[in-house]
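Subject: Structure handover

Hello,

Here is the structure for you to open. Please keep it on screen while you read the notes below.

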Amino acid sequence: MELPRSGTRPLRFTGVLLAEADLAPCGGVPGYAARLYQKKPKGAVVELQPWLPEATPGLPQAWQASDRAAALELLLRHDPALDVTCCFDPDDPALSHAEIVAHILDLRARVDVARNVLARLADTLEMQAEMGV
């Protein structure tokens, strides 16, 4: 298999798909598609494809680890701030300080929601892998 990754060469490995899950973008929060693979002879790979609220793909990521638990931990370490889009121009002179602070707090809240989405995805992948779905 060959999985694309942003900023680096594709990840090549031999293995089987254990689980996959996705959550659609909603309310300015990115959606994600994730897949968990069992490498042969040992190890695991997790793949993450962010989907931005504009329904455009974000930068794909793939990580390999010694086992499934470590691969899912790598998924949880992904920084969702990379996927949340900014919807204002902080250099706009028409924005007051209060408006800029409100936009920043909104961004922070969307990143927190995206972090929770990643946690739900990791739980879903783990449950599917254990059930052999």
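What follows is a short account of what was found in it.

First, the ground rules. This is a predicted model, in which local features need pLDDT of at least 70 and side-chain atom pairs count only at pLDDT 80 or more, while totals for chains, interfaces and linings use all residues. Residues are numbered from 1 along each chain as its sequence is written, and side-chain values use heavy atoms, with hydrogens and water left out.

Overall layout

The protein chain has 2 helices and 6 strands. Helices (H or I, at least four residues) and strands (E, at least two) are DSSP runs, numbered from the N terminus. Read from that end, the order is β-β-β-β-β-β-α-α. The C-alpha atoms fill a box of roughly 60 × 30 × 25 Å along the principal axes. Of the 133 residues, 38% are buried. Buried means under 20% relative accessible area, exposed means over 50%, and partly exposed lies in between (1.4 Å probe, protein chains only). Take the contacts between residues at least 6 apart in sequence: 50% of them join residues at least 24 apart. Contact means heavy atoms within 4.5 Å.

The two helices

Helix 1 and helix 2 pack at an angle of about 165°, and their axes are 9 Å apart. That makes helix 1 roughly antiparallel to helix 2. Axes here are lines fitted to C-alpha atoms, for helices over the stretch in contact, and angles run from 0 to 180 degrees between N-to-C directions. Angles under 35 degrees count as roughly parallel, over 145 as roughly antiparallel, 65 to 115 as roughly perpendicular and the rest as oblique. The crossing of helix 1 and helix 2 is right-handed.

Which residues meet? Helix 1 brings Arg68, Leu72, Leu75 and Leu76, and helix 2 brings Leu118, Ala119, Ala122, Leu125, Glu126, Ala129 and Glu130. The contact divides into 8 nonpolar, no polar and 3 charged residues. Nonpolar covers Ala, Val, Leu, Ile, Met, Phe, Trp, Tyr, Cys and Pro; charged covers Asp, Glu, Lys and Arg; the others, Gly among them, are polar.

Alanine 19

Alanine 19 lies in strand 3. It is buried, with a relative accessible area of 2%. Not counting residues up to four places away in sequence, alanine 19 touches Ala34, Arg35, Leu36, Leu125, Gln128 and Ala129.

Is cysteine 87 buried or exposed? Cysteine 87 is exposed, at a relative accessible area of 54%. It lies in the loop between helix 1 (68-77) and helix 2 (97-131). Beyond residues up to four places away in sequence, cysteine 87 touches His103 and Arg110. From cysteine 87 to glycine 28 is 59 residues in sequence and 9.1 Å in space, C-alpha to C-alpha.

Arginine 110 sits in helix 2. At 8% relative accessibility, arginine 110 counts as buried. Neighbours within four places aside, arginine 110 is in contact with Gly27, Gly28, Val29, Val84, Thr85 and Cys87.

The aromatic pair

Rings of Phe, Tyr and Trp (its six-membered ring) pair if their centres lie within 6.5 Å; planes under 30 degrees apart count as stacked, over 60 as edge-to-face and the rest as tilted. By this rule there is 1 aromatic pair. The rings of phenylalanine 13 and tyrosine 37 have centres 5.4 Å apart and planes at 65°, so the pair is edge-to-face. Phenylalanine 13 is in the loop between strand 2 (11-12) and strand 3 (15-23), tyrosine 37 is in strand 4 (residues 31-39), and they are 24 residues apart. Both phenylalanine 13 and tyrosine 37 are buried.

A cis peptide bond

Most peptide bonds are trans. Lysine 40 and proline 41 are joined by a cis one, with omega about 10°. Proline 41 is in the loop between strand 4 and strand 5 (44-51).

Best regards

How values were computed: Left-handed = near helix turned anticlockwise from the far one by under 90°.
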